[in-house]
Amino acid sequence: MAEIACDLCVIGAGSAGLSVAAGAAQMGADVVLIERAEMGGDCLNVGCVPSKSLLAAGRAAQAARDAGRFGVDLPEPAVDFARVHDHVHAVIAEIAPNDSEERFAGLGVRVLRADARFTGPRTVETGNGREGTTVAARRFVVATGSRPAVPPIPGLDDVPFHTNETVFGRRSAPGHLLVIGGGPIGLEMAQAHRRLGAAVTVVEAATILPRDDRELVAVLRGRLQAEGIRLLEGTEVVRAERAGGGVALTLGDGERVEGTDLLVAAGRRPNVEGLGLDEAGIEWSPRGIRVDARLRTTNRRVFAAGDVAGGPQFTHAAGYQAGIVIRNALFRMPARADYRALPRVTYCDPELAQVGMTEEQAREDAGEIRVLRWPFADNDRAHAERLTEGMVKAVVTPRGKILGATILGPHAGELIQVWCLALSQGLKVGALATMIAPYPTLGEASKRAAGSFYAPTLFGPRTRRLVRFLARFG
């Protein structure tokens, strides 16, 4: 068995692992990266990249349907799902070189394509027996990501179903797609497939997007229903079975829903099995590896980042965590993860973006608050684009400290970033209210929402009395 010694061994070549490996290698560390499957992990191959590419195809089809609003009449779009598939995979192929083994080898990273498991607190073994490799490192990073969680629904194991790992492989459109799960993945795939011609039913045991602002989720719910998506909330699936060439779901109220295809989008499960974590003295559970604020495991020489660490399951969170790991592992800096300004976005149309507290969370945790709103119906650019659904909504203290912001509307994932900056830097709402925003832009809505904080004072009786008083001396 071959032996390698290095400064840093990274297990997993997804978003977190690649960011750690690239950063550490470019800073002069001797890095070994171990990956058993595809470079780029879920995000590139079966997650963020293909899902947003499919959404873009659906958005193009919908734009053709909506073109009449601008005086441009087009026929109902003809969707060639095989070509949609090719578009999705072409996007993956275009981005893949950034995550490739060749690129990382060029950075000086030694890449091992194999399974990995700890054999002790300071060693990892790959492969089997004589053909394997033992890696001894000063520090390790576990970044093995997560996989789709499959709920224990009777009969589900006996029917064909998709998860995010397989749904992007289809070359033909489903006739009627059933979706179990009303979270971001379920709703994004529901809208994309509906716009590409499929009938869609979403079954959610609780409510859709339960972590997000209820007021704005209600607007998004109405949009999805208006596009023909059937949303069954507060509904449990009690059985799954084959029905003809498709699948049928029996619901808690006795209704039986049939479809041609089934997508299970019921959350994620960290990849912790088979890593030999016990041999390394690393505490873990099915929810992920236990880490402290510095992302150290119970073995202080081993860090965990990304989905496997059991925290926020976003690619941008993984990238952020990679920076925390590098500062701790390479420079011994006591850097701590702080998620107070971590955004999340559901990329439906309109997009729903959130940073910090929602109104519901703020009312429960922060005491007295003020809620600021500015609807896109009052934004000139939104009218020009015929995209007036939704609003910018911010939650602040009576003194103007920003607690959180939610945006439902066009390009909300882009627009939320000014609120992320303000929250991360401790800026008060006045900083956004006084910035100069170009006209006409959707971003003006954030400035207007922030400025509404001052409206009761600026346009109140006291100001009017002061203006009248000063006018006497003009």
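Contact here means that heavy atoms lie within 4.5 Å of one another. The structure shown in these views is a predicted model.

Figure 1. Thr126 belongs to strand E5, which covers residues 123–126. With a relative accessibility of 4%, Thr126 counts as buried. When neighbours within four places in sequence are set aside, the residues in contact with Thr126 are Met1, Ile34, Leu112, Ala114, Asp115, Ala116, Gly132 and Thr133.

**Figure 2. The largest nonpolar core.** This core holds 35 residues, and those touching the most other members are Leu54, Val179, Leu187, Val200, Val202, Ile229 and Leu231. Two or more residues each come from helices H3 (48–66), H4 (81–95), H6 (184–195) and H7 (214–226), and from strands E8 (176–180) and E9 (199–204). The largest contribution, five residues, is that of H4. Leu231 is in contact with Leu187, Val202, Ile208, Arg221, Leu224 and Gln225, its neighbours within four places in sequence being left aside. Another core, of 29 residues, lies apart from this one and includes Ala21, Ala25, Ala29 and Met39. In soluble globular proteins, nonpolar side chains tend to be buried together.

**Figure 3. Helix H1 and its cover.** Helix H1 runs over residues 15–26, and its end C-alpha atoms are 17 Å apart, in agreement with the 16 Å that its 12 residues should span at 1.5 Å a residue. Nine of these 12 residues are buried, so H1 is largely enclosed by the rest of the structure. The buried residues are Ala16, Gly17, Leu18, Val20, Ala21, Ala22, Gly23, Ala24 and Ala25. Their cover includes strands E1 (2–11), E2 (31–34) and E6 (133–142), together with helices H5 (101–106) and H8 (315–331). After H1 comes Gly28, which has a positive phi, near 105°.

**Figure 4. Helix H8 and its cover.** H8 is followed by Arg332, for which phi is positive, near 55°.

**Figure 5. Gly58 within helix H3.** Gly58 is a residue of helix H3. Its relative accessibility is 0%, and Gly58 therefore counts as buried, the cut-off being under 20%. Beyond its neighbours within four places in sequence, Gly58 is in contact with Ala192, Arg195 and Leu196. Between Gly58 and Arg464 there are 52 Å in space, C-alpha to C-alpha, and 406 residues in sequence.

**Figure 6. A nonpolar surface patch that includes Leu466.** Leu466, Phe469, Leu470 and Phe473 make up a nonpolar patch on the surface, and together they have about 450 Å² of accessible area. Leu466 is located in helix H16, residues 461–471. The relative accessible area of Leu466 is 48%, and this residue is partly exposed.

**Figure 7. Salt bridges that link separate elements.** The whole structure contains 31 salt bridges. In one of them, the side chains of Arg65 and Glu76 meet at 2.9 Å, N to O. This pair links distant parts of the chain, with Arg65 in helix H3 and Glu76, 11 residues away, in the loop between H3 and H4. Arg65 is partly exposed at a relative accessible area of 29%, whereas Glu76 is exposed at 55%. A salt bridge also joins Arg230 and Glu255, whose closest N and O atoms are 2.9 Å apart. Arg230 lies in strand E10 (residues 230–233) and Glu255 in the loop between strands E12 (246–251) and E13 (256–259), so the pair ties together parts that are 25 residues apart in sequence. Both partners are partly exposed, Arg230 with 37% relative accessibility and Glu255 with 27%.

Figure 8. Arg381 and Glu385 form a salt bridge in which the closest N and O atoms are 3.0 Å apart. The two residues lie in helix H10 (residues 380–385), four residues apart, about one turn of the helix. Glu385 is partly exposed, with a relative accessible area of 31%, and Arg381 is partly exposed, with 32%. Elsewhere, a network of salt bridges links Asp213, Glu215, Glu359, Arg363, Arg373 and Lys393. Side chains of opposite charge can pair when their charged atoms come close.

Key
Residues numbered from 1 in each chain as written. Predicted model: local features only at pLDDT ≥ 70, side-chain atom pairs only at ≥ 80, totals over all residues. Heavy atoms only, no water. Core = buried A, V, L, I, M, F, W, Y, C linked by side-chain atoms within 4.5 Å. Buried < 20%, exposed > 50% of the residue type's maximum accessible area, 1.4 Å probe, protein only. Expected span 1.5 Å × (residues − 1). Patch = residues over 30% accessible without salt bridge, like charges linked within 9 Å, V, L, I, M, F, W, Y side chains within 5 Å. Areas by Shrake-Rupley, 256 points an atom, 1.4 Å probe, with all protein chains shown as cover. Salt bridge = Lys/Arg side-chain N within 4 Å of Asp/Glu carboxyl O.
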